[in-house]
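Let's take a tour of a model with two protein chains and see how they meet. Keep the 3D view open as you read.

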Amino acid sequence: MRYTVSAVGVTADPDPQTLINLFSIAGNARAKIYEIITSSGATPDDQSALIECMRTTANGTELAGMIPNPLDPDGNTSAFDSGNAHTVEPTETALSRLLAYSQYLRATYRWVAAPGSELIIPATTNAGINVVRRASTSAHLMTCTILFEE
Amino acid sequence: MKKVHGHIIVDGQVVADTVQCCHCGNHWIPTPGSGKVRGYCVKCDALTCGAEECDPCQPFEHKLELFEKGKIDKL
C-alpha cells in the first residue's frame with residue numbers, strides 16, 4: 001500500500017529544521033520511501049538550502065502532526081505517522097545521512113528511487129527518517145512531500 | 001551500463017543520478033574527480049559508500065533484521 005504525506009510552509013529559522021519526520025508508530029511494518037519532493041512557495045529569489053535525509057530514533061517535539069494518506073482511497077490507515085516544524089528536533093542517528101542535495105529556491109526538486117533502492121525505515125517503534133533543511137542562505141518557507149509504501 | 005539507484009529531477013528534467021550503498025542504504029551523487037573514495041563489495045557485487053563501517057560485507061537486509069530484533073542499535 002502506498003501513502004503520501006506533505007508539509008507546507010515550513011519556516012527556515014532556525015536551521016537545522018525538519019521538514020518532515022516520518023516514523024513508525026508501533027514498529028509493526030517497514031516503510032520504503034520512493035519519492036521526496038521539495039520546493040518553496042516563497043517569493044522567487046536566488047537562495048539555496050541544503051536538504052538531508054537522516055535516520056531518527058526519537059520524535060522530538062513537533063509543532064504539527066500529519067497523518068499519511070493512502071493513495072488508494074480504500075487503503076488502510078498507515079502504520080506510520082509524521083510531524084514537522086519541530087521545536088525540539090528528532091534525535092538523529094550519527095553518520096546516518098541517507099541522501100543529500102542542495103536545493104535552489106526557484107526550482108522544485110524530486111528525488112525518485114529506482115525499484116529496490118528505496119530508503120527503508122525498519123519495523124521498530126519510533127524509528128524514522130527525516131527530511132531536514134540543514135542550512136540555508138535565507139529564511140524562506142519550504143514545502144516537502146514524501147511518498148512511501150508499506 | 002552504469003546502474004543507478006535514484007534520480008534527482010528538477011522541473012521535469014533529470015539533473016543527477018544517485019547510487020546506493022549495498023551495506024547501509026545511503027544514496028550519494030557520484031562526482032568524478034571529487035577525491036571521495038568509495039568501495040565495492042565483491043560478495044554483493046555492488047558499490048559501498050566508502051565508510052569504514054561498510055567495509056565488511058553485511059547486506060543491508062541482514063542489518064535491518066538484526067536492528068528490528070534489537071541485536072544492533074545502529075543501521
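## Where the chains meet

Across the interface of chain B and chain A, the rule picks out two salt bridges. One of them links B:Glu61 with A:Arg30, with the closest N and O atoms 2.9 Å apart. Keep in mind that what you're looking at is a predicted model. Polar contacts turn up here as well: 13 residue pairs across the interface of chain B and chain A, both partners at pLDDT 80 or more.

Which parts of chain B supply the side that touches chain A? Strand E1 (6-10), strand E2 (13-20) and helix H1 (60-68) of chain B each bring at least two residues to it. H1(B) gives the largest share, with six residues. Sort the residues on this side of chain B by type and you get 10 nonpolar, eight polar and five charged.

The size of an interface is often given as the accessible area lost when the parts come together. For chain B and chain A, that comes to about 1,900 Å², with 55% of it on carbon and sulfur atoms. Three residues stand out: B:Ile9, B:His27 and B:Glu68 supply 25% of the area chain B buries against chain A, more than any other three residues. If you'd rather count residues, 23 from chain B are in contact with 27 from chain A.

## A strand pairing between chains

Now look at how a strand of one chain lines up with a strand of the other. Strand E9 (residues 109-113) of chain A and E1(B) run antiparallel, joined by five bridges.

## Strand E3 of chain A

Strand E3 (residues 31-39) of chain A is mostly covered, as seven of its nine residues are buried. What does E3(A) pair with? With E12(A), the pairing is antiparallel and has seven bridges; here A:Ile33 has A:Phe148 as its bridge partner.

Strand E10 (residues 119-121) of chain A is another antiparallel partner of E3(A), over three bridges. In that pairing, A:Ala31 stands opposite A:Ile121.

Let's start with A:Thr145, which sits in strand E12 (residues 142-149) of chain A. Is A:Thr145 buried or exposed? Its relative accessible area is 15%, so A:Thr145 counts as buried, the cut-off being under 20%. Leaving out neighbours within four places in sequence, A:Thr145 is in contact with A:Thr4, A:Val5, A:Ser6, A:Ile20, A:Glu35, A:Ile36 and A:Ile37. With A:Ser6 there is also a polar contact between the side chains, at 3.0 Å.

Next, jump to B:Gly25, in the loop between E2 and strand E3 (27-28) of chain B. B:Gly25 is buried too, because its relative accessible area is 5%. What does B:Gly25 touch, not counting residues up to four places away in sequence? The list draws on both chains: A:Leu98, A:Leu119, B:Gln20 and B:Phe60. And if you trace from B:Gly25 to B:Ala51, you go 26 residues along the sequence, while the two C-alpha atoms are 12 Å apart in space.

Key:
Residues are numbered from 1 along each chain as its sequence is written. Chains are lettered from A and ligands numbered from 1 in the order in which they are written. This is a predicted model: local features need pLDDT of at least 70, side-chain atom pairs count only at pLDDT 80 or more; totals for chains, interfaces and linings use all residues. Side-chain values use heavy atoms; hydrogens and water are left out. Contact means heavy atoms within 4.5 Å. Buried area is the accessible area (1.4 Å probe) that two parts lose on being put together, summed over both. A salt bridge is a side-chain nitrogen of Lys or Arg within 4 Å of a carboxyl oxygen of Asp or Glu. A polar contact is a pair of N or O atoms within 3.5 Å; within protein, one must be able to donate a hydrogen and the other to accept it, and residues adjacent in sequence count only if both atoms are side-chain atoms. Helices (H or I, at least four residues) and strands (E, at least two) are DSSP runs, numbered from the N terminus. Ala, Val, Leu, Ile, Met, Phe, Trp, Tyr, Cys and Pro count as nonpolar, Asp, Glu, Lys and Arg as charged, and the others, Gly among them, as polar. Two strands pair if DSSP finds at least two bridges between them. Buried means under 20% relative accessible area, exposed over 50%, partly exposed in between (1.4 Å probe, protein chains only).
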